[in-house]
Amino acid sequence: EVPRRDQGVDFVLRAHCLVAVGEGQQGLAVLETEREHQSGAATQTLQVIVQMVEAVLALQGQATDRHMRIVDAVRAASAIDYGRFLHYVPEWAGRIAEYALDAGVETEFLRAAIRQRRLLPDDPTREDWPWRRHVQALGELRLLRDGEPVHTAGKSQRKPLELLALLAAHGGGPLTIDAVIDQLWPSLDANAPRASFDMALSRLRKLLEVPDAIRVTEGKVGLNPAVVWTDVAAFEHVWERLAGLEAGPDAAATASEAAAPLADRVLALYRDRLLGSEDATGALQSVRERLAIKFARVVVDHGARLESLGQWRVATALYERALTRDTLAEPLYRALMRAHLQLGERAEALRTFRRCRQLLTAVLGTEPSAQTQALARAAEGP
């Protein structure tokens with residue numbers, strides 16, 4: 001009973017379903033049958049839909065003309081303000097948008113479509129993606145709203161920010177509500193903690209200003225990863241990729257080359273220890289220590305690969321940069337001392353040891369380990 005010219009949505013849905021199951025050419029054939037039944041603005045929209053499916057096919061097959069096809073499709077969509085491109089296959093809409101953004105094509109149009117549709121990139125660690133909210137917990141807690149810092153002040157914001165910090169420290173969660181209450185309201189009586197949690201949650205939602213930025217389901221609370229990017233989640237993701245490289249069958253042949261950009265990414269993400277100078281207790285202290293250990297391991301492992309290639313100067317620079325992020329990481333001091341010794345720089349090795357000992361004694365009240373002291377004796381010589 002529906003006129004043929006008004007059945008376009010059904011045909012687009014059918015075409016996109018074919019794209020989703022890897023039958024994009026059949027999807028194009030379905031769309032082509034629609035051309036003779038459309039006119040005016042509908043013809044333009046159909047042409048953009050066709051171009052977008054062709055762009056997906058080019059990207060899927062790594063065609064030599066994929067750049068031209070993606071750019072042309074995005075420009076055509078922008079020209080008619082068609083932000084709903086590839087509407088029924090959002091994963092491919094995200095990939096096309098990511099490619100075009102990297103190419104610098106129609107960036108304002110794409111960023112608006114990404115934010116409105118919650119499109120995701122292939123690489124979830126991308127900090128430059130147009131996430132609605134960014135939360136940085138490695139270092140002092142920072143909240144960014146559409147890329148701009150949010151300045152918070154006042155006693156009423158203290159608990160909402162503590163809740164945000166706790167969720168961000170765990171990569172966005174989800175965490176059980178009971179665990180959150182135990183961490184943030186450990187001393188309140190039996191009835192008040194849940195009311196206090198509900199109040200903090202309500203205020204945090206107002207602070208974030210995105211209705212679905214926080215999810216509460218089945219007794220758990222967490223940040224929506226399609227809306228809120230956290231540096232801890234990105235850090236953990238990169239760390240897992242590095243660990244996968246080292247465990248892979250071709251680790252010896254490929255790890256050094258592939259690990260270099262990932263190690264640089266770790267350095268960029270780890271601005272400082274979790275929550276910076278803020279006191280951390282309970283679960284937060286455990287997470288802080290775990291992330292610090294992972295950071296030091298990444299740097300030391302990558303430095304060892306550089307050392308195996310004889311790139312001692314590059315390794316030394318890596319360790320120095322890493323120590324600006326974590327001044328209490330004793331394994332990094334040892335690695336730096338070892339590199340200086342290999343370069344014949346005994347005085348620099350001793351200077352590094354003294355810096356390590358001074359900080360460990362002043363901050364932690366401990367002495368350097370036997371391994372570190374052995375390197376210092378080697379630097380002093382006979």
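Is Phe109 buried or exposed? At 11% relative accessibility, Phe109 counts as buried, because the cut-off for that class is under 20% relative accessible area. The points below place this residue and others in the predicted model.

1. Overall architecture. The protein chain of this predicted model has a secondary structure of 16 helices and seven strands. Along the principal axes, its C-alpha atoms fill a box of roughly 95 × 60 × 35 Å. Of the 382 residues in the protein chain, 45% are buried.

2. The pair of Phe85 and Phe109. Three aromatic pairs are present in the structure. In the pair of Phe85 and Phe109, the ring centres are 6.2 Å apart and the planes stand at 40°, so this pair is tilted. Phe85 belongs to the loop between helix H4 (66-79) and helix H5 (90-102), while Phe109 belongs to helix H6 (residues 107-117); the pair therefore ties together parts that are 24 residues apart in sequence. Phe85 counts as buried because its relative accessibility is 1%. Phe109, at 11%, also counts as buried.

3. The pair of Tyr270 and Phe295. Here the ring centres are 4.2 Å apart and the planes are at 10°, so the pair is stacked. The pair links distant parts of the chain, with Tyr270 in the loop between helix H11 (251-269) and helix H12 (282-308) and Phe295 in helix H12, 25 residues apart. Tyr270 and Phe295 are both buried. Together with Phe235, these two residues form one aromatic cluster.

4. Arg69 falls in the partly exposed class because its relative accessibility is 33%.

5. A second contact between helices. Arg338 and Glu307 form a salt bridge in which the closest N and O atoms are 3.3 Å apart. This pair links distant parts of the chain, since Arg338 is in helix H14 (residues 330-342) and Glu307 is in helix H12, 31 residues apart.

6. Glu330 and Arg334 are both buried.

7. A salt-bridge network. Which residues are linked in a network of salt bridges? The members are Glu98, Asp102, Arg126 and Asp128.

8. Negative surface patch. Glu140, Asp272, Glu278 and Asp279 gather on the surface in a patch of negative charge. Within this group, Glu140 is found in the loop between strand E1 (133-136) and strand E2 (142-145). Glu140 counts as partly exposed because its relative accessibility is 37%.

9. Nonpolar surface patch. Val9, Leu13 and Tyr88 make a nonpolar surface patch of about 260 Å². Val9 is located in helix H1 (residues 8-20). With 58% relative accessibility, Val9 counts as exposed, because the cut-off for that class is over 50%.

10. Position of Glu127. Glu127 is placed in the loop between H6 and E1. Its relative accessible area of 31% makes Glu127 partly exposed. How far apart are the C-alpha atoms of Glu127 and Ala322? They are separated by 20 Å, and the two residues are 195 residues apart along the chain.

Conventions
Residues are numbered from 1 along each chain as its sequence is written. This is a predicted model: local features need pLDDT of at least 70, side-chain atom pairs count only at pLDDT 80 or more; totals for chains, interfaces and linings use all residues. Side-chain values use heavy atoms; hydrogens and water are left out. Patches are made of residues with over 30% relative accessible area and no salt bridge: like charges are joined within 9 Å, nonpolar side chains (Val, Leu, Ile, Met, Phe, Trp, Tyr) within 5 Å. Accessible areas come from the Shrake-Rupley method with a 1.4 Å probe; for residues, only the protein chains shown count as cover. A salt bridge is a side-chain nitrogen of Lys or Arg within 4 Å of a carboxyl oxygen of Asp or Glu. Lys and Arg count as positive and Asp and Glu as negative; His and the chain ends are not counted. The place of a charge is taken as NZ of Lys, CZ of Arg, CG of Asp or CD of Glu. Helices (H or I, at least four residues) and strands (E, at least two) are DSSP runs, numbered from the N terminus. Buried means under 20% relative accessible area, exposed over 50%, partly exposed in between (1.4 Å probe, protein chains only). Rings of Phe, Tyr and Trp (its six-membered ring) pair if their centres lie within 6.5 Å; planes under 30 degrees apart count as stacked, over 60 as edge-to-face and the rest as tilted.
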